[in-house]
Amino acid sequence: MTDASEETEFPILCETCLGDNPYVRMTKEKLGKECKVCTRPFTIFRWLPGRGMRYKKTEICLTCAKLKNVCQTCVLDLEHGLPVQVRDSALSIQDSVPQQDGNRRDYLARTANSLDVVGEQTDFSGRAQPAGREMLKRMTRKDPYYKRNRPHICSFFVKGQCTRGNECPYRHEMPQGDPELAKQNIVDRYHGNNDPVAKRMLARSHKRDSRLLPPEDKSITSLFVMGMDTSVSQSDVHDYFRAYGEVKSVVVVPKGNCAFVNFKTRADAEAAAQAALGGCVVKDKALRLAWGKPKPKGPGSELAAKSQRVVSTPGGSLPPPPPPGALTDTVIYPSQDPTAQGACGKH
């Protein structure tokens, strides 16, 4: 007897796997194959996502897809388009599906009935902390990636032995990129273990986050925002960062597509940098963050500080100049500083 979860007229698919053809046609076969996760027979769907693409089919059953809120074909998260391992790392979710065959069958049998009643996928969005939500917003793919549906590379062409020519249904090109990415297992991807794509994405994210380590100079209380455009205004940046502390000022540089956010205290700046995790999303625009640089220190800055001093003397007049040839450490006029630009090296 077929499970109620298999009685469906359409599978759970992401927009990328479905393709850009609005008139896609599918073939359906009840109990046509075993699920690659739970090994139970399930309904197979097969379709062509677009011209020049390869035929695709469902790989896991409907129940397993609902439990993880993933696509039945690519096993990526439906909401964010990310691997399960990346999503669970951002939301601090532990895999609750047993990996042993006997325990997994019992677990799926208990949960299948509850999923059939509502007919919806598991919702993970409410479990995210602020830092996790920012990480997911930054890494979420906004548009479908249809190149993922292209035919596989012809192994005979790589060896120089393909004789089909233009009639070959596979791609005639040499493999590029990391060879580890080709070693993907659907079961590991579903449980969020040993996924090479997820490891690469997390490593890239952690490398970006390491650039926001607080600098040793405690006088730095500003953040440098990169990647802005005309859609993000000064008030938008101010409204976003004031949730983490008191913002003293926001300086937008339109020509450089960047902005400087100056906080009142160092603690507020560190809180904003920690919450942003190397980037943020303002008005649906992904922005990059970095700590500001300290103010320049040198003879010019010391001279400016000395020139701003007010020398108070009785009567409010300037002190008399030193006698000729006498040395003094007090700089009254900027032109008397030998370290200033334009001064001669010889006295």
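Reader: Where does Thr-230 lie?

Author: Thr-230 lies in the loop between strand S4 (222-226) and H9. Helices (H or I, at least four residues) and strands (E, at least two) are DSSP runs, numbered from the N terminus. Please note that this is a predicted model, in which local features need pLDDT of at least 70 and side-chain atom pairs count only at pLDDT 80 or more, while totals for chains, interfaces and linings use all residues. Residues are numbered from 1 along each chain as its sequence is written, and side-chain values use heavy atoms, with hydrogens and water left out.

Reader: Is Thr-230 buried or exposed?

Author: Thr-230 counts as exposed, at 83% relative accessibility. Buried means under 20% relative accessible area, exposed over 50%, and partly exposed in between (1.4 Å probe, protein chains only).

Reader: And what separates the C-alpha atoms of Thr-230 and Pro-254?

Author: A distance of 7.9 Å separates these C-alpha atoms, and the two residues are 24 residues apart along the chain.

Reader: On to H9, then. Which of its residues are buried?

Author: Helix H9 covers residues 234-241, and its buried residues are Asp-236, Val-237, Tyr-240 and Phe-241. Seen down the axis of H9, they fall within an arc of 120°, so they line one face of the helix. The arc is that of the directions from the helix axis to the C-beta atoms.

Reader: What about H3, how many of its residues are buried?

Author: In helix H3 (residues 84-91), 7 of the 8 residues are buried, so the helix is largely enclosed by the rest of the structure. The buried residues are Val-84, Gln-85, Val-86, Arg-87, Asp-88, Ala-90 and Leu-91. Just after H3, Ser-92 takes a positive phi of about 55°.

Reader: Which residue other than glycine has a phi near 50°?

Author: That is Leu-31, whose phi has a positive value. Leu-31 lies in strand S1 (residues 26-34) and is partly exposed, with a relative accessible area of 42%. Asn-194 is not a glycine either, and has a positive phi of about 55°. Asn-194 is found in the loop between helix H7 (186-191) and helix H8 (196-210), where it is exposed at a relative accessible area of 53%.

Reader: Changing topic: how many disulfides are there?

Author: The count comes to 0 disulfides, a disulfide being a pair of cysteine sulfur atoms within 2.5 Å. For Cys-154, the nearest cysteine sulfur is that of Cys-162, 3.9 Å away. Cys-162 is likewise in no disulfide, and its nearest cysteine sulfur is that of Cys-154.

Reader: Are those two cysteines buried or exposed?

Author: Cys-154 is buried, with a relative accessible area of 5%. Cys-162 is partly exposed, with a relative accessible area of 23%.

Reader: What does UniProt annotate at residues 148-175?

Author: An unreviewed UniProt entry carries the annotation "zinc finger region: C3H1-type" over residues 148-175, and UniProt also places the feature "domain: C3H1-type" there. UniProt positions are given in the numbering used here, feature names are shortened, and annotations may be inferred rather than shown by experiment. In the model, the span is 14% helix and 0% strand, with its end C-alpha atoms 14 Å apart.

Reader: Now the second largest pocket. What space lies in it?

Author: About 300 Å³ of space lies in that pocket. On a 1 Å grid over the protein atoms alone, a pocket is an open set of points where a 1.4 Å probe fits, with protein on both sides within 12 Å along at least five of seven lines; lining residues have an atom within 4 Å of a point. Grid points are joined across faces, edges and corners, and a volume is the space filled by probe spheres set on the points.

Reader: Which strands each supply at least two residues of its lining?

Author: They are strand S5 (247-253) and strand S6 (258-263). The lining residues include Lys-248, Val-251, Phe-260, Asn-262 and Lys-293.

Reader: How does the lining divide into nonpolar, polar and charged?

Author: The lining has 4 nonpolar, 5 polar and 3 charged residues. Here Ala, Val, Leu, Ile, Met, Phe, Trp, Tyr, Cys and Pro count as nonpolar, Asp, Glu, Lys and Arg as charged, and the others, Gly among them, as polar.
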